[in-house]
Amino acid sequence: MERIRINKHVSYSRIVHGFWRLNEWGYSNQQLNDFLHEIVDRGITTMDHADIYGNYTCESLFGDALALTPNLREKLEIVTKCGIILPNENKPKNTGHRYDQSYEHIIESVDQSLLNLKTDYIDTLLIHRPSPLMDPDEMTRAVMHLVDQGKIKAFGVSNFKCNQYELLNESLKKEMSHISVNQVEVSPYQLENIEDCTLNRMLQHDVKVMAWSPLAGGKIFDANDEKSRRILEVIQPLASKYNVSVSTVVYSWLLKLPSNVMPIVGSSKIDRVDEAVKATKLQLTDQEWFDIYVASRGEDIL
Ligand SMILES: NC(=O)c1ccc[n+]([C@@H]2O[C@H](COP(=O)([O-])OP(=O)(O)OC[C@H]3O[C@@H](n4cnc5c(N)ncnc54)[C@H](OP(=O)(O)O)[C@@H]3O)[C@@H](O)[C@H]2O)c1
């Protein structure tokens, strides 16, 4: 599997696996450990998390499965996020739903993630969502501290638009650092980050892009949804032509974007992971790519 270099310490597999829904999968520690070995065997080594996934449970479920095979950790790149506070009965400080990107919260959150994931370093820390209250210099201070302590190897953001990215990146540059990754929603169903030039700007600045919900969280298969129906009417014949599944065509559409987009697979099923891996071998023509794009827009390009 192709690798994408994030910085001089970290590279990712072109296909990433995401664990947002892990607490719904019903896997025992051993079953999850087996699943991790299966995806690593396929070349998928980058694992996407967030502190809040599964109401603050997914990192620990993952860490427990990882601990069954101590040498598995070194084969993986673990990405996790912080900066969102969710009300939770086990977290008395979480009095409401808000963002917290203060120095103290970033440090505290990473320390908790390290405990949950049963590891002593995180390959990439992402700020989960931009906050109207974010203080870029304070965030930079936290990031530099975590890098100095060896607790994180790279830093990035998620759901940041260009101006939010620039605000934080300018501050990091003063410390000879920079944003390495932006994780945003992109799929044939969700074109916003293509249309508003977020992806172009990331390409311009060599910021690597991870695509969340590449299948629109499963909605792309919903024939009752008008946009999905339009997209499926174009994709299904292509899937037949290439003898692959609809999802393989979707992943291939994402892989064709010039910013080296890394789709994050959200499935619990190894057959569906294989459909994503297959996409690395499928080249859509430019016309096929545009036919899917136009179907999603619902109107022709000019
Ligand atoms: N940064 C952010 O703000 C953010 C937000 C959301 C997600 N993420 C990341 O992105 C990852 C992927 O997101 P996602 O889970 O929404 O990805 P997705 O691939 O768009 O959706 C996965 C969902 O679709 C279902 N699915 C997959 N293939 C299917 C098929 N052929 N037919 C019907 N259903 C199918 C899966 O169920 P099965 O398990 O049954 O296959 C799963 O419930 C997350 O795990 C997380 O790491 C990040």
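1. Basis. The model is predicted, with local features needing pLDDT of at least 70 and side-chain atom pairs counting only at pLDDT 80 or more, while totals for chains, interfaces and linings use all residues. Residues are numbered from 1 along each chain as its sequence is written, and side-chain values use heavy atoms, leaving out hydrogens and water.

2. Annotated region. An unreviewed UniProt entry gives residues 14-290 as "domain: NADP-dependent oxidoreductase"; such annotations may be inferred rather than shown by experiment. Over residues 14-290 the chain is 43% helix and 14% strand (DSSP runs: H or I of at least four residues, E of at least two). The end C-alpha atoms of this stretch are 22 Å apart.

3. Ligand shell. The ligand is surrounded by 26 residues (a heavy atom within 4 Å). The closest are Asp48, Ser213, Ser267, Lys269 and Arg272. By class, the shell holds 9 nonpolar, 11 polar and 6 charged residues, with Gly counted as polar.

4. Polar contacts (N or O atom pairs within 3.5 Å). The side chain of aspartate 48 places an N or O atom 2.6 Å from a ligand oxygen atom. For tryptophan 20, a backbone N or O atom lies 3.1 Å from an oxygen atom of the ligand. A ligand nitrogen atom is 2.9 Å from a polar side-chain atom of glutamine 183. Of the 910 Å² that the ligand exposes when taken alone, the protein buries 87% (Shrake-Rupley method, 1.4 Å probe).

Note on methods. A polar contact is a pair of N or O atoms within 3.5 Å; within protein, one must be able to donate a hydrogen and the other to accept it, and residues adjacent in sequence count only if both atoms are side-chain atoms.
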